[in-house]
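Notebook open. I want to go through the sheet and its helices, then the aromatic rings.

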Amino acid sequence: MAEVLVYVDHVDGAVRKPTLELLTLARRIGEPVAVALGAGAADTAAALAEHGAVKVLTHDASEYAEYLVVPKVDALQAAVEQVSPAAVLVPSSAEGKEIAARLALRIGSGIITDAVDLEAGDEGPVATQSVFAASFTTKSRVSKGTPVITVKPNSAAVEAAPAAGAVEALSVTFSDKATGTKVTGRTARESTGRPELTEAAIVVSGGRGVNGAENFAIIEALADSLGAAVGASRAAVDAGWYPHTNQVGQTGKSVSPQLYIANGISGAIQHRAGMQTSKTIVAVNKDAEAPIFDLVDYGVVGDLFDVVPQLTEEIKTRKG
Ligand code: FAD
């Protein structure tokens, strides 16, 4: 069976959920071989083996922390040359997409970004994408070289699938370009205790209807009752009510959670582009004609200042 390389996104050895989702998809098209780089790389092996990695290629060097993505591209290229995989899967984070694009260029392959599903095809893996502001769903395959595919978080379930997960050291020689861009400082973002927006299983968003920065407290309260991340429309962000890092949409982040709750958001095409692949969509809007209602699984026509606090209380009561 062909091997499929999975790039491991981890923080000091703690594997992030999108990588475990990639292992689920990788098993559909071959045998997953994980590539873990940097500090704590070897510590990822147990979690990766538990979720189907037959092998874990590891390499640690200070370059991964000191320089931007090129050292990681060098390492993935070395892994591709060693394994000759059927595909390379990378999480669709900002960093993941940069790594994937550079890798595809290096190895002369085609790339598919932001896939939301993956299946085996007669002529190689077939990826499903949601394109043109989510107006179309396409199925594509790479016809040149080793397919490099980035996959959006929440596109697959995390499944337990115990495998050998044998750790092997990857041999990497860094290119001249690897040290071209040095990291001069890192500032940790203030933690809200909420999940990362693009990885969250539930996202609760607020738009212009929230009508003020201080009113986002009711959006946050609903989010916290559900263990959700908070999103915002561009109108809310442009008004200075919520940070740009939380913007959902064409010029913000693209999310694909199990549940997306839009409050006081009209459903403009540019907002849809970032949330239309959510599995279940709920909207609260006082205008029954708002375009968001064309998209929803459940809609509440009502004033969010009445509906959202009641919903939050009900969830808290039911949770006990
Ligand atoms: P509005 O469209 O003003 O809608 C507010 C909604 O709130 C209305 O439907 C109203 O009925 C409802 N409402 C008001 N009060 C209440 C209440 N008390 N209770 C319940 N409902 C209430 N937008 C994005 O979101 N993300 C993007 O990334 C993005 N990128 C863009 C890129 C470009 C190039 C362009 C041109 C636009 C982009 N936009 C983006 C902007 C987009 O076109 C819309 O203007 C924006 O999404 C509107 O935000 P909104 O739905 O919050 O506001």
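I started with helix α1 (residues 17–29), which lies across β1 (3–7), β4 (31–37), β6 (87–91), β7 and β10. I took contact as heavy atoms within 4.5 Å. Helix α1 runs at about 170° to β1; axes are lines fitted to C-alpha atoms, for helices over the stretch in contact, with angles from 0 to 180 degrees between N-to-C directions. Helix α4 (residues 70–83) packs on the sheet too, touching β1, β4, β5 (55–59), β6 and β11, and its direction makes about 170° with that of β1. Helices (H or I, at least four residues) and strands (E, at least two) are DSSP runs numbered from the N terminus.

A note on sources: this is a predicted model, where local features need pLDDT of at least 70 and side-chain atom pairs 80 or more, while totals for chains, interfaces and linings use all residues. Residues are numbered from 1 along each chain as its sequence is written, and side-chain values use heavy atoms, leaving out hydrogens and water.

Next I read off the sheet: open, 9 strands, mixed pairing, order β9-β8-β7-β10-β6-β1-β4-β5-β11. Strands pair if DSSP finds at least two bridges between them. β9 (136–140) and β11 stand at the edges with a single partner each, so one side of each has no neighbour in the sheet.

Then the rings: I found 2 aromatic pairs, meaning Phe, Tyr or Trp (six-membered ring) centres within 6.5 Å, with planes under 30 degrees apart stacked, over 60 edge-to-face and the rest tilted. Tyrosine 64 and phenylalanine 174 are edge-to-face, at 5.5 Å and 75°.
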